[in-house]
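Dear colleague,

I am handing over the structure below, and after it you will find notes on what turned up when I went through it. Please read them with the structure open beside you.

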Amino acid sequence: MRAELIADVVAEFKAYGRIVIVGASLAGLRAAETLRDEGFTGPLTIIGDEKQEPYDRPPLSKQVLKGLARADHTLLPRMRKVDADWRLGVAATGLDRRVKQVRLADGEQVPFDRLLIATGTRSRPWFNPQEAALEGVFTLRTADDAGRLRAALAAGPGRVLIVGAGFIGSEMASVCRELGLAVTVAERAEGPLVGALGGVIGDIAAEMQRDHGVDLRTGVSVEALEGDAQGHVRRARLSDGTTLDVDVVVASLGSIRNTEWLEGAGLASGRWGVACDAGCRVFDINGVVTDSIFVAGDIARAPHVLYDYQFLVQEHWDNADVGGRVAAHNMVSLEPQRRPHLPLPAFWSGQFGVNIKGVGVGPFADEIVITQGSVTDRRFAAAYGRNGRIVAAVTFNHGKWLEYYGALIERSAPFPPPPPGYDHPDGMQPMPARFPTPGAPTGWPDVVLTGHDPTERGAEYEYRTKKR
Amino acid sequence: MRMVVDLNRCQGYAQCVPLAPEVLHLHGEEALMYDPNPDDSLRQHVLRAAASCPVQAIVVDRLDEIGKSS
Ligand SMILES: Cc1cc2nc3c(=O)[nH]c(=O)nc-3n(C[C@H](O)[C@H](O)[C@H](O)COP(=O)(O)OP(=O)(O)OC[C@H]3O[C@@H](n4cnc5c(N)ncnc54)[C@H](O)[C@@H]3O)c2cc1C
Ligand code: SF4
């Protein structure tokens with residue numbers, strides 16, 4: 001085949017092809033805008049099961065809970081017109097690859113030439129459905145969730161219980177204290193944030209919580225919730241035998257990937273998401289790469305060159321924002337113009353007045369060293385290492401230095417790294433980073449290395465509800 | 001109007017804050033807080049704040065150019 005032939009096909013596809021995006025949030029919207037930016041003029045359909053147009057989630061656990069912004073006021077800024085057929089409030093329920101159609105909950109079939117999967121994650125519900133249905137029991141993922149939880153907090157409850165001290169759970173605890181509410185945080189692991197940042201940082205995060213008046217309980221799980229005669233939650237029973245009087249309970253137990261609608265489609269999808277290559281092209285169940293199905297955002301799982309080519313999942317804003325754009329670009333580009341999406345994972349989190357930022361994959365490391373600043377002042381930088389190279393870094397109120405560490409990680413520079421700046425702490429001895437051993441009862445971090453197998457036969461995950 | 005601040009990029013030096021103090025403020029030492037939906041009357045302030053940001057972390061909608069529709 002002559003090269004022009006393929007070029008003609010791509011040009012024709014850009015003019016007349018049909019693209020369907022499933023998932024109308026950050027990744028889906030940025031993909032749609034990029035498709036139009038790159039000259040795609042064919043019909044574009046965006047399917048989303050939420051009624052709202054795409055909105056931003058990070059403010060939900062921060063500005064919205066605090067009452068600084070309304071829950072329905074975080075709609076994402078639009079960078080351009082996308083001229084799409086928006087199908088909001090209807091879920092995709094199936095994918096038939098033979099006839100290239102997405103099936104919708106209302107029975108309609110939407111045909112496509114190329115498909116982008118951007119269905120993200122949802123929050124893991126409280127494990128006991130009767131208890132989950134009690135009034136006053138919440139999870140936080142959507143704008144509606146945030147609106148309801150904000151109303152409950154604004155009503156001045158007696159005590160709030162947050163189950164799970166990951167980033168979002170810790171941010172919520174911080175907001176509760178700013179609102180003057182009594183709050184207990186229960187975490188199965190040895191401290192807050194340990195899944196993502198390890199026990200050394202977890203100890204610092206724990207101190208921060210306690211200094212701000214959070215009743216932090218670690219190494220315990222919440223075994224049962226009890227309601228009153230009106231069906232409102234009033235008590236929680238903990239695994240250490242204690243009970244708590246509570247009026248609001250927020251289950252912050254991590255997320256579940258929205259892959260159910262892909263069952264039976266023969267794609268490499270499962271509990272860790274949808275496997276794809278570095279260019280966002282989805283693998284089928286045999287590890288063969290498809291050419292018409294792409295994936296981006298929280299639900300994507302791609303091998304990463306910096307981490308032994310293990311498939312990496314990243315539930316971070318940045319990954320959806322950029323991943324959506326790269327996927328879209330690749331959907332309408334000839335092979336030589338295709339780009340990889342291999343970002344260094346990056347996150348931020350604001351809690352207890354401290355700006356926590358990180359790059360890289362902490363849990364890949366076994367050692368950590370404080371390289372700059374002062375832990376007692378909560379103004380410091382730390383680097384993570386494995387086998388003598390730097391693989392991640394975290395800063396507390398020291399964000400301006402993060403770029404320096406990011407550049408080292410990208411080069412796989414030696415660990416411990418030479419610290420920049422002048423504020424070097426004494427000693428600077430690497431120490432064990434204390435990440436939970438696989439299978440230990442802890443929350444999962446939001447960046448996870450999930451092994452080398454595209455179909456995840458090797459990846460094991462059991463959520464432990466009660467017994468340790 | 002709609003805006004987001006890409007807080008991965010944001011360096012927290014707060015150059016933007018005095019240009020739109022109704023919308024942007026520091027929470028603690030370097031965590032930028034913002035109103036994701038400022039009043040339309042503040043658009044000029046927000047645009048100036050966005051222009052002042054050395055890392056272009058402030059993303060403002062273009063709804064005034066592209067109209068309300070999608
Ligand atoms: C409270 C909160 C705070 C956060 N804070 C931060 C932060 O500080 N920093 C950071 O980096 N990240 C943060 N995040 C994470 C960030 O918001 C996500 O990484 C980002 O939203 C991912 O975007 P996405 O488009 O991939 O998926 P999502 O935003 O999950 O969107 C997927 C969309 O698809 C829809 N959908 C699912 N299944 C179907 C179906 N079958 N048919 C149709 N539609 C479907 C969903 O309803 C949803 O609207 C936070 C998230 C939350 C919830
Ligand atoms: S000017 Fe830019 S980098 Fe500085 S605080 Fe404002 S948004 Fe952040």
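Over all chains, the count of aromatic pairs comes to 9, and since what you have is a predicted model, please take every value here as computed from its coordinates.

One of these pairs joins A:Phe167 and A:Phe347, whose rings are tilted, with 4.7 Å from centre to centre and 45° between the planes. A:Phe167 belongs to helix H6 (residues 167–178) of chain A, while A:Phe347 belongs to strand S24 (residues 346–351) of chain A, so the pair ties together parts that are 180 residues apart in sequence. Both A:Phe167 and A:Phe347 are buried.

Another tilted pair is formed by A:Tyr384 and A:Phe435, at 5.9 Å centre to centre and with 45° between the planes. Here A:Tyr384 lies in strand S27 (residues 379–386) of chain A, and A:Phe435 in the loop between strand S29 (431–432) and strand S30 (447–449) of chain A, so that parts 51 residues apart in sequence are tied together by the pair. A:Tyr384 and A:Phe435 are likewise buried.

Aromatic rings also take part in contacts with charged groups: the charged end of A:Arg386 sits over the ring of A:Phe364, 4.0 Å from its centre, and that of A:Arg114 sits over the ring of A:Phe13, at 5.1 Å from the ring centre.

As for annotation, the unreviewed UniProt entry carries "domain: Reductase C-terminal" for residues 347–416 of chain A. In the model, the end C-alpha atoms of residues 347–416 of chain A lie 22 Å apart, and the span is 13% helix and 51% strand.

Turning to the cysteines, the count of disulfides over all chains is 0. A:Cys176 counts as buried because its relative accessibility, 2%, is under 20%, and B:Cys16, with a relative accessible area of 8%, is buried too.

The largest cavity holds about 230 Å³ of space and is lined by 24 residues, of which A:Lys62, A:Gly350, B:His27, B:Ala31 and B:Met33 lie nearest its centre. The elements that give two or more residues to the lining of the largest cavity are, in chain A, helix H3 (63–66), H6, S24 and strand S25 (354–360), together with strand S3 (31–34) of chain B.

With best regards

Definitions and conventions. Residues numbered from 1 in each chain as written. Chains lettered and ligands numbered in written order. Predicted model: local features only at pLDDT ≥ 70, side-chain atom pairs only at ≥ 80, totals over all residues. Heavy atoms only, no water. Disulfide = S-S within 2.5 Å. Buried < 20%, exposed > 50% of the residue type's maximum accessible area, 1.4 Å probe, protein only. Phe/Tyr/Trp six-rings, centres within 6.5 Å; stacked < 30°, edge-to-face > 60°. Helix = DSSP H or I, 4+ residues; strand = E, 2+ residues; numbered from the N terminus. Lys NZ or Arg CZ within 6 Å of the ring centre and 35° of its normal. UniProt positions renumbered as here; feature names shortened; annotations may be inferred. 1 Å grid on protein atoms, 1.4 Å probe; cavity = no way out; pocket = protein on both sides within 12 Å on 5 of 7 lines; lining within 4 Å. Points joined across faces, edges and corners; volume = space filled by probe spheres on them.
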